[in-house]
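Please walk through the structure shown here, starting from one residue and widening out to the whole chain.

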Amino acid sequence: MEAELILTRLTVLRENAENQSSSIVRLREELRSKVAELESSVRDYNSLRIDLLMERLRERGLSWCTYHKNTFPVEEASLVLLSSADSGFSGPHRVCSECRKEVLAKHGYLSRRDDLHERGGILYHAFVVSEEGDGFSVVKFGKQESLAAKDFKVPQISDSAISHFESEMSLPLELSIENHPRSVPLRVRGERLKAA
Ligand SMILES: [Zn+2]
């Protein structure tokens with residue numbers, strides 16, 4: 001090939017490469033935005049699925065014990081505050097009547113000396129909580145303290161608990177996302193969907 005011809009060919013190939021490169025950048029941006037849309041749909045779906053679980057529990061007059069992680073009749077619900085003796089960290093719980101008895105017996109509540117209970121290697125106090133206006137009040141060693149509602153959030157229902165109730169409450173299966181570039185991104189309860 002003559003040098004002139006080679007140069008022309010080189011120019012064409014360079015232009016092709018530049019166009020291909022720009023179109024890959026566009027596709028990547030499009031892919032990123034499609035992935036974000038997919039993530040948002042899956043997030044909304046999974047969150048609505050929890051709403052359905054909560055609604056089914058409500059219809060059946062059930063509440064969710066955040067301590068033993070099972071359902072119980074809503075009228076037995078009461079609030080306790082478990083408070084770490086070492087770190088000062090404290091966490092509210094909505095408990096069934098049995099857990100209330102168990103927690104308060106094991107954790108003491110009546111006296112300062114025998115009220116420590118070990119859970120996951122951490123020592124806790126347990127205190128009874130009651131609703132007070134817009135907030136809550138807790139009695140700690142005979143002294144009453146007020147708690148703002150924002151500082152008193154009972155734990156969200158855990159993933160293990162949700163899967164536990166899936167069949168009992170006829171929940172649709174959970175969706176998730178597979179990030180591997182070669183696989184179909186959407187999974188239903190961890191199983192890959194077949195490519196359409
Ligand atoms: Zn319980």
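Leaving aside residues up to four places away in sequence, proline 92 touches Leu79, Leu81, Val129, Phe152, Lys153 and Val154. This proline lies in strand β4, which covers residues 90-95. With 21 other C-beta atoms within 10 Å, proline 92 is buried, because the cut-off for that class is 20 or more.

How many helices and strands does the protein chain hold? There are three helices and 11 strands. Read from the N terminus, their order is α-β-β-β-β-α-β-β-β-β-α-β-β-β. Of the 196 residues in the protein chain, 12% are buried. Among contacts between residues at least 6 apart in sequence, 43% join residues at least 24 apart.

The chain's helix α1 takes up residues 3-59, 57 residues in total. From its first C-alpha to its last, α1 reaches 83 Å, close to the 84 Å expected at 1.5 Å a residue. Is this helix buried or in the open? The number of buried residues among its 57 is one, so α1 lies largely in the open. Methionine 54 is found in this helix and is partly exposed, with 15 other C-beta atoms within 10 Å. In sequence, methionine 54 and tryptophan 64 are 10 residues apart; in space, their C-alpha atoms are 9.0 Å apart. Just after α1, glycine 61 takes a positive phi of about 70°.

Positive phi also occurs at residues other than glycine. Most residues other than glycine have a negative phi, so such positions deserve a look. Lysine 69 has a phi near 60° and sits in the loop between β1 (62-64) and β2 (71-73). Inside 10 Å, lysine 69 has 14 C-beta neighbours, and therefore counts as partly exposed. Serine 170, with a phi near 45°, lies in the loop between α3 (159-165) and β9 (175-177). Serine 170 is exposed, having 10 other C-beta atoms within 10 Å.

A further positive phi belongs to a hairpin. Strands β7 and β8 form this hairpin with two residues between them, and phenylalanine 141 in the turn has a positive phi of about 45°. Strand β7 covers residues 135-140 and runs antiparallel to β8, with five bridges joining them. Across the pair, valine 138 has glutamate 145 in β8 as its bridge partner, while phenylalanine 136 stands opposite leucine 147 in β8. Which of the five residues of β8 (143-147) are buried? The count is zero, and the strand is hardly covered.

The mean pLDDT of the protein chain is 83, and 85% of its residues reach 70 or more. Confidence is highest in α1, at 95, and lowest in strand β5 (residues 117-119), at a mean of 48. Over residues 108-121 pLDDT stays under 50, and the model has 19 contacts beyond four places in sequence for this stretch. Where pLDDT is low, the predicted coordinates should not be read in detail.

Key. Residues are numbered from 1 along each chain as its sequence is written. This is a predicted model: local features need pLDDT of at least 70, side-chain atom pairs count only at pLDDT 80 or more; totals for chains, interfaces and linings use all residues. Helices (H or I, at least four residues) and strands (E, at least two) are DSSP runs, numbered from the N terminus. The expected span of a helix is 1.5 Å times one less than its number of residues. Two strands pair if DSSP finds at least two bridges between them. Two residues are in contact if their C-beta atoms, placed from the backbone, lie within 7 Å. pLDDT is the predictor's confidence in each residue, from 0 to 100.
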